[in-house]
Amino acid sequence: MVPLTEGHDPLVIAGEEFGSRLIMGTGGAPSMSVLGEALAASGTELTTVAMRRVDPSSRGSVLDVLREHGIRVLPNTAGCFTAGEAVLTAKLAREALGTNWVKLEVIADEHTLLPDPIELVDAAEQLVDDGFVVLPYTSDDPVLARRLEQVGCAAVMPLGSPIGSGLGIRNPHNIELIVERATVPVVLDAGLGTASDAALAMELGCDAVLLATAVTRAQHPARMAAAMRHAVEAGRLARLAGRIPMRRYAQASSPFEGMVKSS
Amino acid sequence: MKIIVNGEPRDLPEDASVADAVATVTEAPNGVAAALNDEVVSRSAWTATRLTEADRLEVLTAVQGG
């Protein structure tokens, strides 16, 4: 059989290889066991966690679930509204988890959860200078993506639509523009609702997909996780295969020669 | 003396360290980090770092998110 890709086709971020192009989040799962099943079904190798004040009453840690499945942890700065908060949260995550990788989130308000571009670039610059591998959650703005790359981010992660909305990719044209100009990996992050959204992200040329809610709040999280895994693989293959151009009129796929003639 | 640990006032002895204050909120310091007045204190410095009245200590860990 002809290999479907040339050799292995890993996702490479900051020189590190991942066999899976599906990055998962852990928020929203009803229990640690459901989360574990979903992560296993997704095939993910990199998964986000949030940093919060310790709760003396909480039992079982999301870190145990990740360790059990051999998944690398990616701390985020979810909930931060300023560059200062995000930088402190990233430093605490580095200290607590022993990783200098961070998914940088600096949001503007609780209603839209959209990134605050000014604070985001400021935080990214500070963290890059401090030796972090910065993966910023950004709006689907090609100019902002470019700026984040210029300050040294290891990837750019544009949203498809607002976090948790399930609205899919609202501006595929902008995602294509970001992909065309980026020299770092592009990870479609946020807003995906179902498997076809993930496939579309990959078909548009994204290097990976990051999602949580679409899986953790699905009626059957593990089943949706498996669907996402297949969708990301299918979309990647379709991108590498090179799709046919769209045409205005039909193009027969059966020959017209040798047709039976009726009198 | 009064120390604010994760937003809650706590009474601690005058010579209390960051390690003592962390111990008031968690028994398992693995996967935990602390910031004293918005500056991270590395774990190796917890015992040697003394607290003073009205210090604010944040003790964080990983939870489900993102």
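Predicted model: local features only at pLDDT ≥ 70, side-chain atom pairs only at ≥ 80, totals over all residues.
Student: What makes chain B agree with a compact globule?

Tutor: Its radius of gyration. With 66 residues, a compact globule would have a value near 11 Å. Chain B has 11 Å, so the two agree. Along its principal axes, the C-alpha trace of chain B spans about 40 × 25 × 20 Å.

Student: Which elements does chain B hold, and in what pattern?

Tutor: Chain B has one helix and five strands. Along the sequence they follow β-β-α-β-β-β.

Student: What share of chain B is called buried?

Tutor: A residue is buried if 20 or more other C-beta atoms lie within 10 Å of its own. In chain B, 30% of the 66 residues are buried.

Student: Now chain A. Why is strand S7 of chain A called mostly covered?

Tutor: Apply that cut-off of 20 or more C-beta atoms within 10 Å. Strand S7(A) covers residues 133–138, and five of its six residues are buried.

Student: How do you know that S6(A) and S7(A) pair?

Tutor: Pairing needs at least two bridges, as DSSP finds them. Four bridges join S6(A), residues 101–104, to S7(A), so the two strands pair. They run parallel. In this pairing A:Val102 stands opposite A:Val134.

Student: What lies on the path between S6(A) and S7(A), and what is the handedness of the unit?

Tutor: Helix H4(A), residues 117–129, makes a β-α-β unit with these strands, and the unit is right-handed. For that name, the path over the helix must run clockwise, with the strands pointing away from the viewer.

Student: What makes S7(A) and S8(A) a pair?

Tutor: Two bridges join S7(A) to S8(A), residues 157–158. The rule asks for at least two, so the pair qualifies. These strands run parallel, and A:Tyr137 stands opposite A:Met157. The chain crosses from S7(A) through helix H5(A), residues 142–150, to S8(A), and this crossover is right-handed.

Student: How many residues does each chain give to the contact?

Tutor: Chain B gives 20 residues and chain A gives 27. S5(B) gives the most to the side of chain B that touches chain A, with seven residues. That side has nine nonpolar, eight polar and three charged residues.

Student: How do you know that a strand of chain A pairs with S5(B)?

Tutor: Count bridges again. S4(A), residues 46–53, and S5(B) share five bridges, where at least two are needed, so they pair. The sense is antiparallel. Here A:Arg53 stands opposite B:Leu60.

Notes. Residues numbered from 1 in each chain as written. Chains lettered and ligands numbered in written order. Rg over C-alpha atoms; globule rule 2.2 N^0.38 Å. Buried ≥ 20, exposed ≤ 12 C-beta atoms within 10 Å, placed from the backbone. Contact = placed C-beta atoms within 7 Å. Nonpolar A, V, L, I, M, F, W, Y, C, P; charged D, E, K, R; others polar.
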